[in-house]
Amino acid sequence: ALSGMLYYMMTVVLGLLCVMAVYLTIIKVVGKRSPFAFLKQIRNAQLIAFSTSSSSATMPVTLKVAEEEVKVNPIVSRFVVPLGTTINMDGTALYQAIATVFLAQVFHIDLSLGDMLVVLITAIAASVGTPGTPGVGIVVLATILSTVGIPVEGIAIIIGVDRLLDMCRTTVNVTGDLTASVVLERLVGKKLTQKEKV
């Protein structure tokens with residue numbers, strides 16, 4: 001049982017690291033910035049996100065980091081970060097998909113390709129409306145499990161490690177918000193600066 005949980009946790013963390021790698025690639029290719037410098041600039045927001053497991057609680061720090069450290073135009077950051085806190089939950093969607101597959105294996109339930117598509121669509125759609133508060137992902141996971149016929153009681157198996165994984169996925173979510181701010185700044189930042197001068 002413990003080795004199974006270890007594999008589950010490692011799979012979630014590896015998936016979150018892949019999402020983080022995609023964000024850093026976007027920073028390099030689209031944002032034209034050094035990924036290492038970017039990580040150094042946003043470390044305060046990441047630490048708060050990791051310790052609180054809440055995108056909403058981290059939002060003031062995320063805004064401050066975006067404007068003072070990453071040098072994003074306040075017009076861009078004050079639009080992207082609050083919006084991202086609500087709808088940019090990539091880490092949460094990934095976690096819910098992996099947790100569903102894990103619990104399906106625990107209960108020896110074979111998920112068809114159609115079931116997997118339902119899980120993916122439901123996880124993505126549910127993560128868009130998930131509040132940025134700790135532990136809400138478990139409630140959404142219960143909905144996804146019931147949709148594909150997996151016993152909701154299985155949540156009791158993974159709830160012991162959920163807090164640690166919640167901390168990790170919140171860090172990824174906040175990094176995604178800051179990545180989106182950099183990308184939008186790159187695309188429209190100069191136009192906004194010119195309008196401000198006029």
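Tutor: Let's start with Ile-124, which is found in helix H7. Keep in mind that this is a predicted model.

Student: Why is Ile-124 called exposed?

Tutor: Its relative accessible area is 51%. The label needs over 50%, so Ile-124 counts as exposed.

Student: What makes up the nonpolar surface patch?

Tutor: Nine side chains make it: Phe-79, Leu-83, Ile-87, Leu-113, Leu-117, Leu-120, Ile-121, Ile-124 and Val-128, with an area of about 870 Å². Helix H5 (74-87) and helix H7 (113-128) are the elements giving two or more residues each. H7 puts in the most, six residues.

Student: Now Gly-176. Is it buried or exposed, and how do you know?

Tutor: Gly-176, in helix H9 (residues 155-197), has 4% relative accessibility. Buried means under 20%, so Gly-176 is buried.

Student: Which residues is Gly-176 in contact with, leaving aside neighbours within four places in sequence?

Tutor: Those are Tyr-23 and Asn-88; the cut-off for a contact is heavy atoms within 4.5 Å.

Student: Why is the pair of Tyr-8 and Phe-102 called stacked?

Tutor: Take it in two steps. The ring centres are 4.7 Å apart, and a pair needs them within 6.5 Å. The planes meet at 25° and stacking asks for under 30 degrees, so the pair is stacked.

Student: What does the pair of Tyr-8 and Phe-102 tie together?

Tutor: Tyr-8 lies in helix H1 (residues 2-29) and Phe-102 in helix H6 (residues 90-106), so the pair ties together parts 94 residues apart in sequence. Both residues are buried, too.

Student: How do you know that Arg-169 lies over the face of Tyr-95?

Tutor: Arg-169 is 3.8 Å from the ring centre of Tyr-95, and the distance limit is 6 Å. The rule also has an angle limit, within 35 degrees of the ring normal.

Student: What makes Lys-32 worth a look?

Tutor: Lys-32 has a positive phi of about 55° although it is not a glycine. You'll find Lys-32 in the loop between H1 and helix H2 (35-41).

Technical notes
Residues are numbered from 1 along each chain as its sequence is written. This is a predicted model: local features need pLDDT of at least 70, side-chain atom pairs count only at pLDDT 80 or more; totals for chains, interfaces and linings use all residues. Side-chain values use heavy atoms; hydrogens and water are left out. Patches are made of residues with over 30% relative accessible area and no salt bridge: like charges are joined within 9 Å, nonpolar side chains (Val, Leu, Ile, Met, Phe, Trp, Tyr) within 5 Å. Accessible areas come from the Shrake-Rupley method with a 1.4 Å probe; for residues, only the protein chains shown count as cover. A salt bridge is a side-chain nitrogen of Lys or Arg within 4 Å of a carboxyl oxygen of Asp or Glu. Helices (H or I, at least four residues) and strands (E, at least two) are DSSP runs, numbered from the N terminus. Buried means under 20% relative accessible area, exposed over 50%, partly exposed in between (1.4 Å probe, protein chains only). Rings of Phe, Tyr and Trp (its six-membered ring) pair if their centres lie within 6.5 Å; planes under 30 degrees apart count as stacked, over 60 as edge-to-face and the rest as tilted.
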